[in-house]
Amino acid sequence: MKNSNENKFLSPGHNACAGCGQLSAAQAVMRGLNENIIIANATGCLEVTTTAYPQSAWGLPWIHSLFENAAAVASGILASLKQKGDKKTKVVVQAGDGGTFDIGLGLISGMWERGENILYICYDTEAYSNTGIQASGSTPYGASTTTTPDGSASIGSTQGKKDMLAIALAHGVKYVAQTTTGFPDDITNKVKKALSVEGPSYIQILCPCIPGWKINNDQAVMMGKSAVQTALYPLLEYSDGQLISSSLKKGFQARPAGEYLKNQGRFKHLKDKDISLIEKLAQANIDKYKI
Amino acid sequence: MKNEKVSLITKPNTTLANKTGAWRTAKPMTDLLTCIGCSLCAKICPEGCIVMGEISESAANGKKLKPKNKKLKPKTDYNYCKGCGLCTHECLVKAIKMIKDY
């Protein structure tokens, strides 16, 4: 039997939730990688679910050290490859939004400052999904998490999402892209493109989390698509600081934000006036990223 | 007790020993004759347990294969399928149905 897409880089049998948006995205990322890759993984759902000791789902050289230091571990791997004269092997970092937006930010900044040839992939679930859905720097306005619960006196998270793409661009990262689980081919293409770039690159993927977003098992891909259609999480691509592609093209008609929000338990408490505030965030995205 | 050495290095792809199909309460069944072979289900499966392959004559129940059925078709590995229903929800031609599996 001819098999066209058998993926040996990330095996089944891992412990992620049924319908996990992050693992769906990770499968798409793996299709973009090749044999000459070493992965440094930060602590997070991706690490915990795929490497319950003594097993591993990975088929590539893969290392986990701590929550905050995946970027520094990658720098170390790159230094040793350089010492050995290995120019073929590329280093990839995988982390969640907690390890990227909050805990690992200092070391990521150092890695980018040194301009190292490392691809950093952030799986953005918009909360610390692994430890029990605490709010992170990536949690959007109005989302209910265990540390920002909604209630009579609370709308949920009152802070907006940290603009990690802008932080990457401010460091002069060569290739910066944003995508979602709803577009597997887009993820694979962006990973391939990032690998071909000489210098630091950053890809941020929105990954719907079943327990975190309080959605059904079969909704992760639909949510990823909906986030793009409502302009709340557009597909973006920057090369050398220039926006080269965006899902917010001329003539783009945004779907109402309520369509995306009302299907998620974490936003269920929002009233119409709150939703119109979030509509403004979508409009701000359209103004900022239109191409 | 024997003092065994603990290794921090594990073997690749060893999670294959976990047959996560036991998690399933519903099973996706693909109608290969309705299927257009777009491979979207294989691309989005979080387990990576759907593989595209050639359709066998027996799957077509002796019917003559139309050109669209000569494309590679998905094959789900039920040893690992957790029954999340992503493939059923996203299928463009509604060729996948979930059936009770417990």
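This is a predicted model: local features need pLDDT of at least 70, side-chain atom pairs count only at pLDDT 80 or more; totals for chains, interfaces and linings use all residues.
Residues are numbered from 1 along each chain as its sequence is written, chains are lettered from A and ligands numbered from 1 in the order written, and side-chain values use heavy atoms, with hydrogens and water left out.

**Chain A overall**

- Chain A holds eleven helices and ten strands; these are DSSP runs numbered from the N terminus, with helices being H or I of at least four residues and strands E of at least two.
- Along the principal axes, its C-alpha atoms fill a box of roughly 60 × 45 × 40 Å.
- Of the 291 residues, 58% count as buried, meaning under 20% relative accessible area, with exposed being over 50% and partly exposed in between (1.4 Å probe, protein chains only).
- Among the contacts in chain A with a separation of 6 or more, 69% come from residues 24 or more positions apart; a contact means heavy atoms within 4.5 Å.
- The chain exposes about 11,900 Å², and carbon and sulfur atoms supply 53% of that area (Shrake-Rupley method, 1.4 Å probe; for residues, only the protein chains shown count as cover).

**Helix α3 of chain A**

- Helix α3 (residues 70–84) has 15 residues and should span 21 Å at 1.5 Å a residue, which agrees with the 21 Å between its end C-alpha atoms; the expected span is 1.5 Å times one less than the number of residues.
- Its buried residues are A:Ala70, A:Ala71, A:Ala74, A:Ser75, A:Ile77, A:Leu78 and A:Leu81.
- Seen down the axis of α3(A), these buried residues fall within an arc of 160°, so they line one face of the helix; the arc is that of the directions from the helix axis to the C-beta atoms.
- As background, an α-helix has 3.6 residues a turn, so residues three or four places apart point the same way.
- The cover over the buried residues of α3(A) includes β1 (37–41), β2 (62–64), β3 (90–96), α5 (105–113) and β4 (118–124) of chain A.
- A:Gly85 follows α3(A) and has a positive phi, near 80°.

**Helix α5 of chain A**

- In α5(A), the buried residues are A:Ile108, A:Gly110, A:Met111 and A:Trp112.
- Their cover includes α3, α4 (97–103), β4, α6 (164–170) and β8 (201–206) of chain A.
- Just after α5(A), A:Gly115 has a positive phi of about 65°.

**A:Asp124**

- A:Asp124 sits in strand β4 of chain A and counts as buried, at 0% relative accessibility.
- Its side chain makes polar contacts with the side chains of A:Ser138, at 2.6 Å, and A:Tyr233, at 2.8 Å. A polar contact is a pair of N or O atoms within 3.5 Å; within protein, one must be able to donate a hydrogen and the other to accept it, and residues adjacent in sequence count only if both atoms are side-chain atoms.
- Leaving out residues up to four places away in sequence, A:Asp124 also touches residues including A:Lys161, A:Gln204 and A:Cys207.

**B:Tyr78**

- B:Tyr78 lies in the loop between β3 (73–76) and α2 (86–90) of chain B, and its 28% relative accessibility makes it partly exposed.
- A polar atom of its side chain is 2.6 Å from the backbone oxygen of B:Pro28.
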